[in-house]
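We will go stop by stop, selecting a few pieces at a time.

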Amino acid sequence: MLEVSGITQIFGGVTALEAVSFDIRKGDITGVIGPNGAGKTTLFNIISGIYTQTSGRVMLNGTDVTGLPPEKLAMLGMVRTFQNIELFGGMTVMENVMVGLHTRSKSGLLACSLRLPWSRKEEHRIRAGAQKWLEFTGISELSDVTAGNLSFGKGRLLEIARALAVEPGIILMDEPAAGLNSQETVELACLIRQIRDLGITVVLVEHDMELVMDICDRIVVLNLGVKLAEGTPGEIQKNHEVIAAYLGDVD
Amino acid sequence: MLRLKKINTYYGKVHALKNVTLFLAEGEIVTLIGANGAGKTTILNTISGVIPASSGEVLFNDCQVTALPPDRIVRLGISQVPEGRQVFKPLSVEDNLDLGAYLRYINGESKVSIREDMVQVFNLFPLLQERRKQLAGTMSGGEQQMLAIGRALMAKPKLLLLDEPSMGLAPLIVQEIFRVLNQLRQENGTTILLVEQNARAALKLADRGYVLETGKIILEGSSVELMENADVKRAYLGKDRGLP
Amino acid sequence: MKKRFVVACCLLCISLLSAPVSFAAAGAIRIGGLFAVTGPAAFLGEPERNSAKMVVDEINAAGGIKGRKLELVTYDTAGDATKAVQLATKLIRDDKVVAIIGPSTTGESMAVIPVAEKEQIPLISCSAGIKITDPLKKWIFKTAQNDTLAVGRIFEQLQKQKLTKVSILTVSDGFGSSGREQLKAQAATFGIAIVSDDTYSPKDTDMTSQLTKIRGIKPDVIICWGTNPGPAVIAKNAKQLGLKIPLYMSHGVSSKKFIDLAGDAAEGIRLPSGKVLVADVLPASDPQKKSLLAFVKDYQNHFKTEGDHFGGHAWDAVMLLKGAFENGANTPAAVRDQLEKTKQFHGIGGTFNYSSHDHAGLGKEAFVLVEVKNKDWVIVK
Amino acid sequence: MNRDLIKFLAFATLILATPQVLSGSYLMNVLLFVGIHTMLAIGLNLLLGYAGQISLGHAGFFGLGAYLSGILTATYGWNPWLAMPLAASVVGGLAFLIGFPILKLKGHYLAMATLGMGIIMYIIFNETIGLTGGPSGLSGIPAISIGSLAFDSDQKNFYLIWSFTLGMTLLTLNLTNSRIGRALRAVHDSEVAAQVLGINARLLKVQIFALSAVISSIAGTLYAHTMTFISPTSFGFNFSVELLTMVVIGGLGSIYGSFLGAALLTLLPEFLRGAQDYDIIIYGALLMVMVKYMPGGLVRGVPDLFRKLLKKRGARHA
Amino acid sequence: MQFDQLLQYLLSGLSTGAIYALIGIGFSIIYNATGIINFAQGEFVMLGGMLTLLFLETCKLPLWAAIPCAISVATASGILFERLAIRPLRQPTPINLVIITIGGSILIRGLSMLLWGKDTHAIPPFSGEEPIAVGGATILPQHLWILGITLLIIAANKFFFYYTVSGKAMRACAYNRRAAGLVGIDVRRMVLFSFIISSAMGSVAGIIVAPLTMTAYDVGVMLGLKGFCAAIIGGMSSGGATVVGGLVLGVLESLGAGLISSGYKDAIAFIILLLILFIRPQGLFGKAQSERV
């Protein structure tokens, strides 16, 4: 599904990532973990086309997508969410999700201004689609609330609903559990599994180890910009290098 | 020395700190540990006045310092070494250290005594002395971390707040930094509140620790107790699935 | 959201309806004035407004016209053509004036002309552009001397001295571009060749580049067409560069102000000017002398500065209207007809003779050529 | 029926009824300019309020529209109805081309670049004397007419201009409530999140830039044929700033706010006229006070003020 | 074309450019400290000239005394502006700040118009008007004053920003406000400082240029705009780059007027500005920064 090979990123002389490679299998939930400053978010930003890496390649479904801008990647079926939820704060919850259906609709400037019949029909279709995803994530009763007024937890769900509205093949989540309480985290785990069950590949960067160990099929561990380990949760938990990286040196 | 009483802090919409109560005695090293987003940095920023608490109080030497702006807090003797270093990259190492003593300059303290303190910082981190004319932005992460600590020390703080000094650094450098912190406590009696993700290293250095989870303190105790505690391990590596 | 909007709309309507509406004092004759009192052309508009107010007050103090008071409503156009048009409409619709004086600049005048023509209100423009009354428009008159006359006056002098190679340096606003057009159009008639044609912007602070270029071309004369402060900067720049070429300016700077600004650099500069500048040294036989001296003295008394010919344009306009009212004109149409019959009116700008084919009314004797000597103006014989 | 439509119809009725009250007065003439300014403010608001991109050069597009149709009709004898779409498409095309490099810039660099663009256009109006008449202006522009009906009085022009303005209002209201409008607001709120959802932010911004230029151009054409005379001073930097002020004072991201801003800033000088030379000071001070006390613009500030006043009164009664 | 002509263009351009540079640095200092583009910057330039005139003619002070008086009053107005307009702003979004500084500039201009009228005024040169020949070109003593004072101010600036604690604190503040607060720097005080420095510098620019260009209540608009250009070309640096930006702009204008077309000279300057922005959006000398989320 997603192949990352030899990613190196240098910011003004500082190497943030060094030759990171891994594959992500279709239909898996894959976790990317590592201590703070390990380069996880940088890696996500590269994969999702926000940064352009110094070197290395990203392949999506067998096509080279290195250096493509995020909007092209979305067209190809890859979306992401952000650590500090990037909502469209001035718009309602419903509108937020409707933006997610942008790539699935095509009325132009003129059709929209004139409200031509087929663009009105499309508008209905968009609304119905958005409603479906609001229900899927369980926030449909909030649809008229302004997104800026949502609690953090609901905002997180909205961001996921919005990303799903793009109907992606793969979704990247940057610390989806950050800022959630334990109840919300449990619900999130459930939701992520449901997403996987829709046939969508999930990749997440996460610090909440309980969550990661609970839901991930595979885990990639980064430390200081290099890949430290890769494997199933069980394997990772037993890996001495990983334990050292997290809890400090065992000397 | 420092006492937080029922602090609640909001970070935009996020209820980042929930009824946080903690204390530091003079000369102690206390560490705050917990997963990312647990609220460790928010505690430091609440103390420093960067993010004002919405309720609760912060007492420093039994004085109310709750809603003071950052520069007033520094004036009282609390210095923060912020997360991600945040040294002044376009300025030289020496200038960075000078600015650490900004308030002392403003208060008309003699340049000589400030110079002397700079020599002390150079004694702690000999590397900085070699690089004194270099621009801070051109140094490695570890060197920047040393500079950030040195800058905070230039204010002659009674209480030092450190936010993840080990972040993104190689183990050897982390060891070096922790060695200096230990030295500081022993030689100067500086009180230190240390936020760390590298729990084991932090607990080894600290006298006591607090464990945070989603804005709440869930555990507290001496370093030895916490080190042995299974919950701490769980907070970092997740539940052992007990795979065969 | 909707409620908010309705509230806001209602507020707006209320404010619209409460707009100031003024009523004419019984029996008064009301005339309007449009002057660029602020903005880039304030040096024109301010003396114009002052002069117009001054002369209206004087007329009223002397008992008005046939027992009726004269009422002057003036608005500030800020030199903006759009505003001038709006305000002309306001004068006609709301203030119901019988005639309008102004606007101050050619651009504004051109913009206002269609309004006056459509509404059939006589307009006496105070700006110099020849296009205002040429071609002739039924309702439009002017008191400012055509720039054609100013150009003619300079070229006449050059012809006399057999100077043929001329460099021109004009400001890129309405005044300068109109002058530039006339300079180029009339050159051939006087056997003069324009050897270089440069411009500068009204707000420019340094014209040495243009002058350096001109120096390389070596013309016989430099003619600069602009209004303060540009020409003063040019005079200083020319002095700095040590230019020995004679420098002519336009009537746009014919006031003491120019000498104040340019200082020593003004010495020897020549320009065509209305006679107001040299009123005191005019021969007693000059028919304008009486009006000129009266105007200069009054202005000095009222405003503590010297009256210039810009103010004179408005003074003339009011006096011309006064003449028309004295001849019994009551309606805009009658005022227009009476204006057209004006003959031998000795004003500030010159001696006016309007006719059904001439609404500018001045001959070339309206201009004298003056030179700066010892920080004062002298007439070039 | 749709609530937005009812609101619009109420607005349109209110506007179209004004001639009944004000017929023949000078304020009719001012209302023409309110109409033209509203159109311009709506155009700029699409860019500034919805797409979040500043422009200090919109007077240039306004002027280009005015000059293109002025020259085509006055000099070449075209019918204004032909000149208008041609001018609009030329201006739109130009804006589209300039848009790509210019909208790459952000913040103050964008402000500077658009400002420079506006000044360059102003200089061109001023210097191409053969075409535009230069600083002395271009006169003899015919009034617009339909068959034998010439729009040559304020009353007639009022209906002409306001049917365009109201039409434009309806279209932009539709647009902002459509997928494009949502995409725009999304880009404004978080460009990176919008991109991640598949929105080509750059292309969208350029399209809106061009659209707002087209609206400005049409406003310019109407202006030229109403005034029948145009000169460069009406299209300078100051007017760009005035437009910006209308949009901000009215309320960013609100189409009706643009109307309020345009109306206030066009009518204000009429009320300040009594203050003579003090008007500029009052104007400046008012701008500062407005930004300080109504940072969200009239459309949000005025109702808030009322609510506060009512609350105070209520408290006193209680 | 002759050499002395070219030299004259260059010299004229440099002295105009020096003024643009001074104004541009004023823009940059405020921008770096606060993120505000202060559209009222040009008004401080105007105030410099007009206040000198006030002290010269109304208070009958000699020139050497009038100048410091003018600078201090202009600086005081800068302080007032920051205190009354900038600091109390409730929603300091960039666009609101743009409008408020524009409002402020209109207000200052309006007050000056009421106070001093609309006339242009001349100010005597600092030391005579005898042209000085420089290899076929000529300059005035005032030009030397301009160049000299500009150099002096730039040197003083350099000293302030690099060798005094307050200057270093301002640089620190410009780079990272939060970290500056954490070492005890009072950020609001630095903002006020930036207004003090830039209004003082603006007024100096207005004073030294007034004997050449004369002064009026509305000279600030165009000069402010050109200074803004200089700052942009210099990538909003408060040092050498903006100086070069100003000089480049001045020389371009002068060469454009002399060699290409005097009518289009401003257009030429702006077209080059646009090209610079398109090709190097971070300014002529700025380093490209990798985009960060």
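This is a predicted model: local features need pLDDT of at least 70, side-chain atom pairs count only at pLDDT 80 or more; totals for chains, interfaces and linings use all residues.

**Stop 1: chains D and E**

Select chains D and E together. Of the seven pairs of chains in contact, these two share the most contacts. On one side, 43 residues of chain E take part; they meet 39 residues of chain D. The area buried between the two chains is about 3,700 Å². Carbon and sulfur atoms give 83% of that area.

Now pick out E:Ile95, E:Ile99 and E:Phe278. Within chain E, these three lose the most area to chain D. Together they account for 15% of what that side buries.

Next, colour the helices on the chain E side. The elements giving two or more residues to it are α3 (63-86), α4 (94-116), α9 (220-233) and α11 (265-279) of chain E. The largest share, 14 residues, comes from α4(E). By class, the side of chain E that touches chain D has 32 nonpolar, eight polar and three charged residues.

**Stop 2**

Show chain B with chain C. The two do not touch, and their nearest C-alpha atoms are 24 Å apart. No contact joins chain B and chain D either; their closest C-alpha atoms lie 16 Å apart.

**Stop 2: salt bridges**

Over all chains, a search of the whole structure finds 52 salt bridges. Visit some of them.

Start with E:Lys168 and B:Asp95. Their closest N and O atoms are 2.9 Å apart, in a salt bridge. This pair crosses between chains, from helix α6 (residues 165-175) of chain E to helix α3 (residues 93-100) of chain B. Are the two partners buried or exposed? E:Lys168 counts as buried because its relative accessibility is 7%, under the 20% limit. B:Asp95 is buried as well, with a relative accessible area of 11%.

Stay in chain B and select B:Arg104 and B:Asp117. Their side chains meet in a salt bridge at 2.5 Å, N to O. B:Arg104 sits in helix α4 (residues 102-106) and B:Asp117 in helix α5 (residues 111-124), 13 residues apart. Both residues are buried.

Move to chain C and select C:Arg270 with C:Glu371. This salt bridge has its closest N and O atoms 2.7 Å apart. C:Arg270 lies in strand β10 (residues 270-273) and C:Glu371 in strand β13 (residues 368-373), so the pair ties together parts 101 residues apart in sequence. Both are buried.

Salt bridges link C:Asp204, E:Lys226, E:Glu253, E:Lys265 and E:Asp266.

**Stop 3: inside chain A**

Colour chain A by domain: domain 1 is 1-77 + 175-251, and domain 2 is 87-167. Their centres, taken over C-alpha atoms, are separated by 27 Å. The contact takes 14 residues from domain 1 and 11 residues from domain 2.

The area buried between these domains is about 980 Å², with 78% from carbon and sulfur atoms. Select A:Leu191, A:Ile195 and A:Leu198. In domain 1, these lose the most area to domain 2, together 34% of what that side buries. Across this interface the rule finds zero salt bridges, but two residue pairs in polar contact.

Terms used
Residues are numbered from 1 along each chain as its sequence is written. Chains are lettered from A and ligands numbered from 1 in the order in which they are written. Side-chain values use heavy atoms; hydrogens and water are left out. Contact means heavy atoms within 4.5 Å. Buried area is the accessible area (1.4 Å probe) that two parts lose on being put together, summed over both. Helices (H or I, at least four residues) and strands (E, at least two) are DSSP runs, numbered from the N terminus. Ala, Val, Leu, Ile, Met, Phe, Trp, Tyr, Cys and Pro count as nonpolar, Asp, Glu, Lys and Arg as charged, and the others, Gly among them, as polar. Domain bounds come from an automatic or database domain assignment. A salt bridge is a side-chain nitrogen of Lys or Arg within 4 Å of a carboxyl oxygen of Asp or Glu. A polar contact is a pair of N or O atoms within 3.5 Å; within protein, one must be able to donate a hydrogen and the other to accept it, and residues adjacent in sequence count only if both atoms are side-chain atoms. Buried means under 20% relative accessible area, exposed over 50%, partly exposed in between (1.4 Å probe, protein chains only).
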